[in-house]
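Subject: Handover of a structure

Dear colleague,

Please find below the structure that I am handing over to you. My findings follow it, arranged by topic.

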Amino acid sequence: MPRRNRTQRSRGLRADVSHRAVGVSVGMSRVEHGPDGEWMVRTVPAAQATKVYRCPGCDHEIRPGVAHVVAWPSAEHGGVSDRRHWHSGCWNARDRRGPTRRWS
């Protein structure tokens with residue numbers, strides 16, 4: 001009689017998926033230092049991106065389902081109301097180009 005590995009393989013995949021989902025849902029913030037100051041930065045995975053935002057780096061929309069970053073000045077210089085959603089590439093290139101529009 002042939003062996004059935006399907007059950008073991010399915011269990012292993014489910015364990016990996018649930019482990020990744022737990023790590024993704026936490027949404028840890030990190031501090032980044034740059035020439036424009038100290039920033040709190042949080043990565044937003046595609047699965048958690050549910051709204052439309054406008055990127056201050058390129059002035060294009062960040063559509064739902066697109067992974068991106070949220071950045072705001074560190075606690076001494078700004079707060080949660082200063083959060084802005086950026087395309088990951090625009091955030092990484094912010095020192096090479098300035099924002100295309102002023103934050104209000």
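The notes below go from the whole chain to the sheet, then to one strand, and finally to single residues.

Please bear in mind that this is a predicted model. The chain contains 2 helices and 6 strands, and from the N terminus on these elements follow the order α-β-β-β-β-β-β-α. Of its 104 residues, 27% count as buried. The accessible surface of the chain amounts to about 7,700 Å², and carbon and sulfur atoms contribute 53% of this area. Among contacts in the chain with a separation of 6 or more, 47% join residues 24 or more positions apart.

Four strands form an open sheet in the order β1-β2-β5-β6, with antiparallel pairing. The edges are taken by β1 (29-34) and β6; each has a single partner strand, so one side of each is left without a neighbour in the sheet. From one strand to the next, the twist averages 35 degrees.

With strand β2 (residues 37-44), β5 pairs in the antiparallel sense over 6 bridges. With strand β6 (residues 84-86), the pairing of β5 is also antiparallel and runs over 3 bridges. Valine 69 illustrates both pairings: threonine 43 stands opposite valine 69, and tryptophan 86 is the bridge partner of valine 69 in β6.

The burial of β5 deserves a separate remark. Because 6 of the 6 residues of β5 are buried, the strand is largely enclosed by the rest of the structure. In a regular strand, side chains alternate between the two faces of the sheet. In β5, His68, Val70 and Trp72 point one way, while Val69, Ala71 and Pro73 point the other way, and all of them are buried.

The side chain of histidine 68 reaches the backbone oxygen of valine 66 at 2.9 Å. Leaving aside residues up to four places away in sequence, histidine 68 touches Arg42, Thr43, Val44, Ala49, Tyr53, Ile62, His85, Trp86, His87 and Ser88.

Next come the cysteines. How many disulfides does a search of the whole structure find? The search finds 0. The sulfur of cysteine 55 has its closest cysteine sulfur in cysteine 90, at 3.7 Å, which is too far for a bond, because a disulfide requires the two sulfur atoms to be within 2.5 Å. The closest cysteine sulfur to that of cysteine 90 is, in turn, the one in cysteine 55. Cysteine 55 is buried, at 0% relative accessibility, and cysteine 90 is buried as well, with a relative accessible area of 8%.

A last point concerns the backbone. Most residues other than glycine have a negative phi. Aspartate 59, a residue other than glycine, has a positive phi near 65 degrees. Aspartate 59 lies in the loop between β3 (53-54) and β4 (61-62). With a relative accessible area of 30%, aspartate 59 is partly exposed.

Yours sincerely

Notes:
Residues numbered from 1 in each chain as written. Predicted model: local features only at pLDDT ≥ 70, side-chain atom pairs only at ≥ 80, totals over all residues. Heavy atoms only, no water. Polar contact = N/O pair within 3.5 Å; in protein donor to acceptor, adjacent residues only side chain to side chain. Contact = heavy atoms within 4.5 Å. Buried < 20%, exposed > 50% of the residue type's maximum accessible area, 1.4 Å probe, protein only. Areas by Shrake-Rupley, 256 points an atom, 1.4 Å probe, with all protein chains shown as cover. Pairing = 2+ DSSP bridges. Axes fitted to C-alpha atoms, helices over the stretch in contact; angles between N-to-C directions.
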